[in-house]
Amino acid sequence: MSNRLAKESSPYLRQHGENPVDWYPWCQEAFQRAKREDKPVFLSIGYSTCHWCHVMAHESFEDEQVAEILNRSFIPVKVDREERPDVDAVYMQVCTAMTGSGGWPLTVIMTPEQKPFFAATYLPKNNVGRQAGLLPLLYAVASRWKNGRDELVRTGNDITAYLNRQRLGKASFPGEEDVKRAAKQLADSYDGEYGGFGSAPKFPSAHNLIFLLRYAALSGEKSARLQVENTLRQMYKGGIYDHFGGGFARYSTDREWLAPHFEKTLYDNALLALAYTEAWQDGHMALYRTVAESTLDYCLRELRHEKGGFFSGQDADSEGGEGAYYLFTPQQVKSVLGEDAGRHFCECYDITEEGNFQGKSIPNLLLNTRWNLLPEGYGEFREKLRDYRRERMALGLDDKVLTGWNGLMLMALSRAAWAFGEEKYLRAAKALAVFMEEELGRGAQLKAVYCRGEARLPAQLDDYAFYALGLLELYRADFDPAHIVLAKELAEQILDRFADEKGGGFFRTAQDAEALIVRPKEIFDGAMPSGNSAAAVLLSALWRLTAEVKWREAREKQLSFICANLNRYPAGCAFALCALMDEVYPTRELVCAAPGEDVPEMLKTVTGKYAPELSVLLKTPGNAAELAQAAPFTADYAPKDGKAAFYLCANGVCQLPLTDI
């Protein structure tokens, strides 16, 4: 018998629509019933491609015994963390405060007033060694709620009060020292052998790589570049990269990047495509372009909505269990490629009889000592094996389209379009921009989620910031000033509706959003940059493109807030420090006033160089009026002697217009 979740649009919630648990989605009806029946609320947060979420669902939420106690003594609420990142942010903060760590599935028990008194991540059904089981926990809480709940209520009040304490950082003047400390902290945790930062489990954290790339280019610190290059190479060689279909899994369970958790998410692949593209721009190493393009092609092939948006990800689990879709035996390879070709292919990609994961093999190049990291002659074989695995089983698809994640994809496609000169990426980026404006809205009406033909839920800080950053990248690809105009509108919404006037920075949710027990405000980056980091980069980019003082003032205020809250770990805000580098290292601003509508060849030459310090505007007779709306200072710029004129400013000093290289 179906429960309420069966009719929800979220794929994750629908996965639990046939559970015997009487689930509610996050809604006021659930909490009103909890108050009316005087029951605590059991909150479970996860996402559709999460392996351990599946484990807990099969083990507990499909179990009649667990369902009986949940339905009798609690009001069960299920949340998709990708659909409601604000709810997830609040209760993940609770879990971290109470246990010292967090993750998904997230399990929280709270009062009907949403005040939490218990938090944990995955729980087995019954006690396992020292790990508490869900079933005995539920019986214990139900008993305590009836007979002596005062301690539970007091814990909920204390945790809520703790979350709402204003912890204001000391005023700080942003400077190069913050950038250097962040680079040093990343260097201190850098794995010199296998790349990446820290030990297992190891996450790609592409925004850290982007920061180090730009830092190396602007500061001349070559060691930062070497850290990025080794990490990019090692991730590509490992099993975290899909050698047959392109794209990356979320993270590696080991130090070597061999064995991932196999789910693929849009945001990881967008950020990694951006990082590989940017690395290619600085040096034109073929490997980086190959990986960037294969990652984008994977997204276009597997994750693209028919209207141009992109779905959220693919599942870790398939018919044969976790990762079964990606695992091979030598016999399977030879059955597709033939005996001789199959044997050579298996030698190249470490596919062996003993296997490297649960008796089978994750294809990888970690043991391939050939100088050429791009094995030649195997492209057709990889495609055949990709088609073979698709025919033998299917992967679960999370078909939500999330605004923030699509903003990241817009950044990646647009950067690849102008870096590689690839028309297919430009077409895809333009189609995505049209989809976002037409289906997700704009201004205060912007929505966070599109699923099953419906846009829903108010957009949050990262939705606005990543969408706007994607538009600015698209401007660099096609020089349409309308993208800057819309990015400015989105940034205005951030300033007007998300700003924390008292504490600085920006809240995750708008001032008119649903009130939770605390209004979340993340500063530090996680699996992807925080909304505050993205806002800092956005405000800096708008100041450099438009020369409007309000964007400079907003940037300075945001950077002061970020740097005041860095504490002892500036590397935790690495993406925001990309904006700080605009402040502490020399920048250049270029306006090209062209006599016709075509992009001058000399401008293509200039933009073909890797120069993170350079911002570019193109003025033509056809776009002059709209460009003046986007960047008013360009109104008086004109070609010279019938030729394209280049107006270059550096560090606040402008040169006379140039017409030759």
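This is a predicted model: local features need pLDDT of at least 70, side-chain atom pairs count only at pLDDT 80 or more; totals for chains, interfaces and linings use all residues.
Helices (H or I, at least four residues) and strands (E, at least two) are DSSP runs, numbered from the N terminus. Residues are numbered from 1 along each chain as its sequence is written, and side-chain values use heavy atoms, with hydrogens and water left out.

H284 lies in the loop between α11 (266–281) and α12 (286–302). The phi of H284 is near 55°, a positive value in a residue other than glycine. H284 counts as partly exposed, because its relative accessibility is 44%. L457 is not a glycine either, yet its phi is positive, at about 70°. This residue belongs to strand β15 (residues 454–458).

Two cis peptide bonds are described next. One runs from W104 to P105, with omega near 5°. P105 sits in the loop between α5 (85–99) and β4. Another joins A200 and P201, with omega about -10°. P201 is found in the loop between α8 (176–188) and α9.

Helix α5 has 15 residues. From its first C-alpha to its last it reaches 20 Å, close to the 21 Å expected at 1.5 Å a residue. The expected span is 1.5 Å times one less than the number of residues in the helix. Buried residues of α5 include D86, D88, Y91 and C95. The buried residues of α5 pack against β2, β3 (75–80), β4, β5 and α7. After α5 comes G100, with a positive phi near 90°.

Helix α6 (residues 134–146) has 13 residues, which should span 18 Å at 1.5 Å a residue. Its end C-alpha atoms are 18 Å apart, so the two values agree. L134, L135, L137, L138, V141, A142 and W145 are the buried residues of α6. They cover an arc of only 160° around the axis, which puts them on the same side of α6. The arc is that of the directions from the helix axis to the C-beta atoms. Partners of these buried residues are β2 (41–46), α3 (51–61), α4 (64–73), β4 (106–110), β5 (116–120) and α7 (150–163). G148 follows α6 and has a positive phi, near 105°.

Two packed helices are described by the angle between their axes and the distance between the axes. The axes of α9 (residues 206–219) and α10 (residues 222–237) come within 8 Å and cross at roughly 145°. Axes are lines fitted to C-alpha atoms, for helices over the stretch in contact, and angles run from 0 to 180 degrees between N-to-C directions. In α9, L209, L212, L213, Y215 and A216 meet A224, R225, Q227, V228, T231, L232 and M235 of α10. Contact means heavy atoms within 4.5 Å. The residues of this contact divide into 9 nonpolar, 2 polar and 1 charged. Here Ala, Val, Leu, Ile, Met, Phe, Trp, Tyr, Cys and Pro count as nonpolar, Asp, Glu, Lys and Arg as charged, and the others, Gly among them, as polar.

P595 is placed in the loop between β16 (588–593) and α23 (601–607). P595 counts as partly exposed, because its relative accessibility is 43%. Leaving out residues up to four places away in sequence, P595 touches P621, P639, G642, K643 and A644.

Definitions and conventions: Buried means under 20% relative accessible area, exposed over 50%, partly exposed in between (1.4 Å probe, protein chains only).
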